[in-house]
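Hi,

Here is the structure I promised to pass on. Have a look at it first, and then read on for what turned up.

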Amino acid sequence: MTDHSPHSLYLHVPFCVSKCSYCDFNSHIGLEGLFESYSRALVCEIRLWGRELGAPRLDTVFIGGGTPSRVPAEHIRAALDAVRESFDLAPTAEVTLEANPQSAESDKMEAWLEAGVNRLSLGFQSLDSDALGFLERAHTADEAVDVFGRARTAGFGNVSCDLIFAIPGLTTSRWEEVLAAVLQLGPDHVSAYELTPEAGTRLGADVASGKTLMPDDEVKLEQYAAAARLLAAAGLARYEVSNWARPGRECRHNIAYWSGVPYAAAGAGAHAFLFAGSSPSWLRETRTQGAVTARQWNLTNPAAYIAAVRDHGHAQAGHEWLDLPTTVGDLMMMGLRMPSGVDLGAASRRFGIDIGDVLGTKVDELVGAGLLHRDGQMVAATERGMLVLNCVVAEFVGVQARRQLAVPLTLV
């Protein structure tokens with residue numbers, strides 16, 4: 001029988017020192033007074049998920065935000081203690097914590113390691129002072145470099161660095177210098193994301209009003225290509241559109257997202273993806289006819305989240321049940337972000353049907369157009385397909401693609 005239980009758990013810590021102009025994540029500033037009560041609520045929700053799901057084995061845990069490193073280290077320990085008490089945490093589980101340079105003191109790092117964190121994701125974003133200023137980051141380049149060294153000294157053998165390109169004023173040559181400086185540190189993993197002005201952010205408003213002019217598509221593609229070239233030369237292989245890693249250091253938690261397998265989530269604004277047969281009771285009782293999977297999201301306001309967990313045990317704000325074609329479309333949309341592509345055989349076994357019957361002739365059409373290639377049950381984007389990836393995935397999700405010759409990969 002196919003196991004549809006989630007084997008990955010996401011935990012959200014929504015607190016930050018400041019709100020960056022480009023950030024559209026659920027993050028809040030000035031709420032230090034809620035740290036203690038939020039920690040208790042998060043522990044309660046973790047325990048509820050464990051009971052509802054039958055304490056499945058967890059292969060990955062990811063503590064994101066916000067800025068998880070902002071809260072006292074004992075709160076991270078409390079959350080991970082609750083995970084171990086409520087789930088079967090695998091001895092080889094990947095446990096990631098996101099940290100920003102200004103809140104990752106050495107004593108905290110040692111405490112995180114003792115609590116069970118074994119992978120650190122550092123929010124560098126850049127090592128260029130002007131770029132950091134534009135992004136309104138609270139740390140300097142020197143502080144970022146210093147925190148990497150402290151992470152190694154503390155004992156972290158798996159450290160990732162997040163970077164952003166296509167920043168107004170950041171030339172391609174300067175971007176290459178930033179990449180070279182980061183690579184000199186010896187990270188195990190690098191994420192390089194294009195700066196995107198999202199609706200509802202201050203950056204989005206500034207771009208919409210004409211106050212801020214973003215780099216054009218040619219520059220974006222040029223800077224992405226520079227990242228791909230330099231990271232590959234340093235021994236980091238691209239395993240997803242925006243992520244590179246040394247062999248064996250790929251983020252297993254994110255691969256779970258991209259592979260279309262279920263995952264649980266706790267915390268304010270956290271999103272979960274679950275199969276019908278292994279969903280919690282409050283979600284399962286709302287299942288619609290023909291639905292096979294569901295998305296669920298929690299209340300975003302920390303105080304409202306705390307109150308909901310206190311009153312109901314969970315903090316669901318909404319959910320959406322998905323039928324098989326929608327679920328398969330999402331699987332293709334996410335899986336094609338990885339150069340390895342989508343394993344149609346594994347997906348067919350997961351759903352108990354032939355996925356090819358759901359996809360119809362679409363894969364063959366895109367193979368014929370030179371946008372996908374197929375090797376047995378593996379389907380992946382070609383180099384040409386990667387350049388217009390948003391158009392390719394739109395064919396699977398029923399969205400009319402915006403036709404153009406080249407689209408920066410990270411716009412997908």
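Which residues does Trp 175 touch, leaving aside those up to four places away in sequence? The list runs Leu 163, Ile 164, Phe 165, Leu 170, Ala 192, Gln 223, Ala 226 and Ala 227. Please keep in mind that this is a predicted model.

The largest nonpolar core has 129 residues, and Trp 175 is among the four that touch the most other members, along with Leu 11, Trp 112 and Phe 124. Helix α1 (residues 35-53) gives this core its largest share, nine residues. As a general point, nonpolar side chains in soluble globular proteins tend to be buried together.

Next, helix α3, which spans residues 106-115 and has Lys 108, Met 109, Trp 112 and Ala 115 as its buried residues. They sit on the same side of α3, because the arc they cover around the axis is only 125 degrees. On the face turned away from the buried side of α3 you'll find the exposed residues Asp 107 and Glu 114. Among the elements covering the buried residues of α3 are α2 (73-86), β5 (88-99), β6 (119-125) and α5 (141-154).

Apart from residues up to four places away in sequence, Ser 121 touches Thr 96, Leu 97, Glu 98, Ala 99, Ser 160 and Asp 162.

Most residues other than glycine have a negative phi, and most peptide bonds are trans. Here are some exceptions:

- Gln 125, in strand β6, is not a glycine but has a positive phi of about 70 degrees. Gln 125 is buried, at 10% relative accessible area.
- Glu 136, in the loop between α4 (129-135) and α5, has a positive phi near 60 degrees. Glu 136 is partly exposed, at 32% relative accessibility.
- Gly 65 and Gly 66 are joined by a cis peptide bond, with omega about 20 degrees. Gly 66 lies in the loop between β4 and α2.

The largest cavity holds about 80 Å³ of space, and the residues lining it include Leu 11, Phe 35, Tyr 38, Ile 63 and His 75. That lining has ten nonpolar residues, two polar ones and no charged ones. Helix α1 supplies the largest share of the cavity lining, four residues, while β1 (8-13), α1 and α2 each give at least two.

The second largest pocket has about 190 Å³ of space. Its lining counts 13 residues, of which His 7, Ser 8, Asp 59, Ala 256 and Val 261 are the closest to the centre. Two or more lining residues come from each of β4 (57-65) and α9 (252-259), and α9 provides the largest share with three. By class, the pocket lining splits into four nonpolar, five polar and four charged residues.

Over to you!

Key: Residues numbered from 1 in each chain as written. Heavy atoms only, no water. 1 Å grid on protein atoms, 1.4 Å probe; cavity = no way out; pocket = protein on both sides within 12 Å on 5 of 7 lines; lining within 4 Å. Points joined across faces, edges and corners; volume = space filled by probe spheres on them. Nonpolar A, V, L, I, M, F, W, Y, C, P; charged D, E, K, R; others polar. Core = buried A, V, L, I, M, F, W, Y, C linked by side-chain atoms within 4.5 Å. Buried < 20%, exposed > 50% of the residue type's maximum accessible area, 1.4 Å probe, protein only. Contact = heavy atoms within 4.5 Å. Arc of directions from axis to C-beta.
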